[in-house]
Amino acid sequence: MARKPNTESELPSVSWPITSGSTGGSAKLNDNTVFQAELTALHETVIYASPLPNHNTSKIHVDNKASIMASSNSKSTNETARKIFKIILTNPRIKVSWVKVHAGNMGNERADQLAKDATQHGQPCSLTKLPKPHIKGLLRKSIYQEWQTSWKKGDKGRKIYNIMPLVILLPTNWIREDVVFFSQHGPFPAYLKRFHLTDSDYCSCGGIGTALHYATECIYTVSWHMR
Ligand SMILES: [Zn+2]
């Protein structure tokens with residue numbers, strides 16, 4: 001049984017109370033998804049159940065269908081799910097079945113209670129190897145934030161920043177005109193002067209002839225101005 005954190009400072013948590021007489025365990029998981037928490041709980045449970053005496057069938061009740069599906073697939077992309085699959089395959093007396101949450105199943109209610117408690121008082125759990133896609137997601141998020149911060153606080157391209165304050169990772173299908181405008185490389189007096197192709201960077205209106213000038217200020221191009 002896993003638990004979503006109620007606030008951002010809380011972490012997803014798990015608990016695995018298994019047999020009568022056993023209090024099971026619980027932990028909160030750093031940097032983890034609720035799905036990974038579910039799988040961790042199931043993994044801990046099958047590890048606990050596997051050395052139990054042979055004449056006992058161990059029935060594990062899980063209220064999360066996704067973790068049952070994942071751990072019954074030998075080719076699951078999740079490493080924890082594959083480990084669960086192997087243990088269940090070699091221990092046919094371990095049975096996993098689905099139960100409805102909050103349907104009066106005492107063990108399930110107890111698991112929920114323990115998981116809830118672990119969001120606040122649980123010990124951090126670092127046993128879990130994070131799945132690759134999850135790590136990629138975390139890295140992407142942090143690189144994105146770093147990029148956004150440097151774009152926001154930088155001192156270059158401020159005029160462009162005012163038009164495009166948010167950075168995006170998705171490729172933008174810029175047409176030729178967009179590239180000319182944003183790079184400011186085009187048939188503008190300011191550009192031509194910079195590359196010593198002309199003596200003056202003035203527009204005939206008296207302003208400095210940059211791309212932004214034509215797009216926002218110039219009296220001769222009012223009907224083309226950006227709004
Ligand atoms: Zn002008």
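The legends below describe close-up views of a predicted model.

**View 1. Confidence along the protein chain of the predicted model**. The protein chain has a mean pLDDT of 81, with 83% of its residues reaching 70 or more. Among the elements, helix 3 (residues 79–90) has the highest mean pLDDT, 93, whereas strand 1 (residues 2–3) has the lowest, 55. Over residues 18–23 the pLDDT is below 50; in the model, this stretch has six contacts beyond near neighbours in sequence.

View 2. The C-alpha atoms of A41 and V62 are 9.5 Å apart in space, while the two residues are separated by 21 residues in sequence.

**View 3. Geometry of the packing between helix 1 and helix 3**. The axes of the two helices are 9 Å apart and form an angle of about 25 degrees. Angles under 35 degrees count as roughly parallel, and helix 1 and helix 3 are therefore roughly parallel to each other. The crossing of helix 1 past helix 3 is left-handed.

**View 4. Residues at the contact of helix 1 with helix 3**. Helix 1 contributes Q36, L39, T40, L42, H43, V46 and I47. Their counterparts in helix 3 are T80, A81, K83, I84, I87 and I88. By class, this contact comprises eight nonpolar residues, four polar residues and one charged residue.

Conventions: Residues numbered from 1 in each chain as written. Predicted model: local features only at pLDDT ≥ 70, side-chain atom pairs only at ≥ 80, totals over all residues. pLDDT = per-residue confidence, 0-100. Helix = DSSP H or I, 4+ residues; strand = E, 2+ residues; numbered from the N terminus. Contact = placed C-beta atoms within 7 Å. Axes fitted to C-alpha atoms, helices over the stretch in contact; angles between N-to-C directions. Parallel < 35°, antiparallel > 145°, perpendicular 65-115°, else oblique. Left-handed = near helix turned anticlockwise from the far one by under 90°. Nonpolar A, V, L, I, M, F, W, Y, C, P; charged D, E, K, R; others polar.
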